[in-house]
Amino acid sequence: MPQVVRGVVARAKGEPVEVVPIVIPDPGPGEVVVAVQACGVCHTDLHYREGGINDEFPFLLGHEAAGIVETVGEGVDHVAPGDFVVLNWRAVCGQCRACKRGKPQYCFDTFNATQKMTLEDGTELSPALGIGAFAEKTLVHQGQCTRVDATADPAVVGLLGCGVMAGLGAAVNTGGVSRGDTVAVIGCGGVGDAAIAGARLVGARTIIAVDRDPKKLDWARDLGATHTVNAAETDAVEAIQDLTGGFGADVVIDAVGRPETWKQAFYARDLAGTVVLVGVPTPDMTLDMPLIDFFSRGGSLKSSWYGDCLPERDFPQLVDLYQQGRLPLEKFVTERIALDEVEAAFETMHRGEVLRSVVVL
C-alpha cells in the first residue's frame, strides 16, 4: 500500500519551503523505497527552490542522503531490504555510447524511478536530482543505491551523494592529482574543501586554498590546505605562482564557477597544467580571452561532472577510508538539524556560515 510520510516541498519559485504530507507509492519494477536517515542541505536544493534548475514545481527537495532500503520492486537484485545505502543521482545505464566506450562515469542516460511521488491531492512531485530525500522515505531506482559499511554515520557518509564526491572527484578523478603535485583550489565551501581533502588524501605536496572569507580559509586549512590566500587582499594568481616557485600549480580547481575565477585558474596553472571547473556557472556567463593564450599554455581544460565518479566504485572505498580515519568526512558536518529547519538552513548556507547542515531523521 502507498505510504504517507513527511517531506520538504518547494511549491513555487522563491517561496519558503514547507513540510507537508507526501505519498510514496509501492516500488514498481526496478524501484526501491528507502527510509532516509540523513540528508545534507546542498546549494543545488536552493537552486531548485529559486527556479534555477527548471520550473517543474512542486519539487521534493533533498538529494545528498543515506538510509536503509525498506522495500523493493519486481526484478530488483542490486540491493535488498535492510541494506544501508548512500543515494546517488548517476545510476549508470550500461548501454549508452559512453558506457559502451568504457567510460560509464560519463553515462548519458542515467536511471530514475518511473513512478511519481505525489502530494495527498495527487499532484505529482519533481524529486531533486531524481531523489527527493528531504523526506522520511523516498522512491528511487535501484541503481541510485550504493551499499556501504552499515556501521558508518549516515549524516557523514550521505554527503558523498553530491558535494563531497563532486569536490573530491574533481581533484582525484578529473584532475588526476597524484603524489608530489602542486594544487590550488579557488572557492573553499563544501565542494572546494572536498577537493582539498582529496588532494591531501593522494599526497599532493602543496595545496593552496583561495577564498575571500577568512572563516572558509580556516576550514580549508583544517581539511589539508598547506597554504591559504585571501583573494580580497591579495592577487590570487600572483600568490599561487609565488607559492609554486614562480611556475603556477600543476592542477587548479575552480569550485566557484564564475568567469573571473576560471580566468584566475587558467593563469595560475603551470605550463601544460590542468584546470578543472567544478563550480556551476549560470547560463548567462561568458568568457572573453585571447585564443593564443589557450594554444601557448598547453595542458588540459576540463569540466567535472559529479567528480567523474562511479558510485559503485568510489562510495565504498571512500567510506572505508573515512572509517579508517584517513579521510575526515566528519569535518564537513557543521550542524545536524530537523526536517522543519531546512528553510533556516538555506539562509545559514547563503551566509556562508556552514560547510553542511544535515537533516537527521
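**Figure 1. Tryptophan 89 is partly exposed, at 23% relative accessibility.** Partly exposed lies between buried (under 20% relative accessible area) and exposed (over 50%), with a 1.4 Å probe and protein chains only. Tyrosine 306 is buried, at 3%. This is a predicted model: local features need pLDDT of at least 70, side-chain atom pairs count only at pLDDT 80 or more, and totals for chains, interfaces and linings use all residues. Residues are numbered from 1 along each chain as its sequence is written, and side-chain values use heavy atoms, without hydrogens and water.

**Figure 2. The structure holds nine aromatic pairs.** Rings of Phe, Tyr and Trp (its six-membered ring) pair if their centres lie within 6.5 Å; planes under 30 degrees apart are stacked, over 60 edge-to-face, the rest tilted. Tryptophan 89 and tyrosine 306 have ring centres 4.0 Å apart and planes at 10 degrees, so they are stacked. They sit 217 residues apart in the chain.

**Figure 3. Phenylalanine 108 and tryptophan 305 form an edge-to-face pair.** Their ring centres are 6.4 Å apart, with planes at 65 degrees. The pair ties together parts 197 residues apart in sequence. Phenylalanine 108 is partly exposed at 38%. Tryptophan 305 is partly exposed too, at 45%.

**Figure 4. Trp262, Phe266, Tyr267 and Phe294 form one aromatic cluster.**

**Figure 5. Helix H5 (residues 190-201) packs with helix H6 (residues 214-222).** Helices are DSSP runs (H or I, at least four residues), numbered from the N terminus. The angle is about 25 degrees, and the axes are 9 Å apart. Axes are lines fitted to C-alpha atoms over the stretch in contact, and angles run from 0 to 180 degrees between N-to-C directions.

Notes
Helix = DSSP H or I, 4+ residues; strand = E, 2+ residues; numbered from the N terminus.
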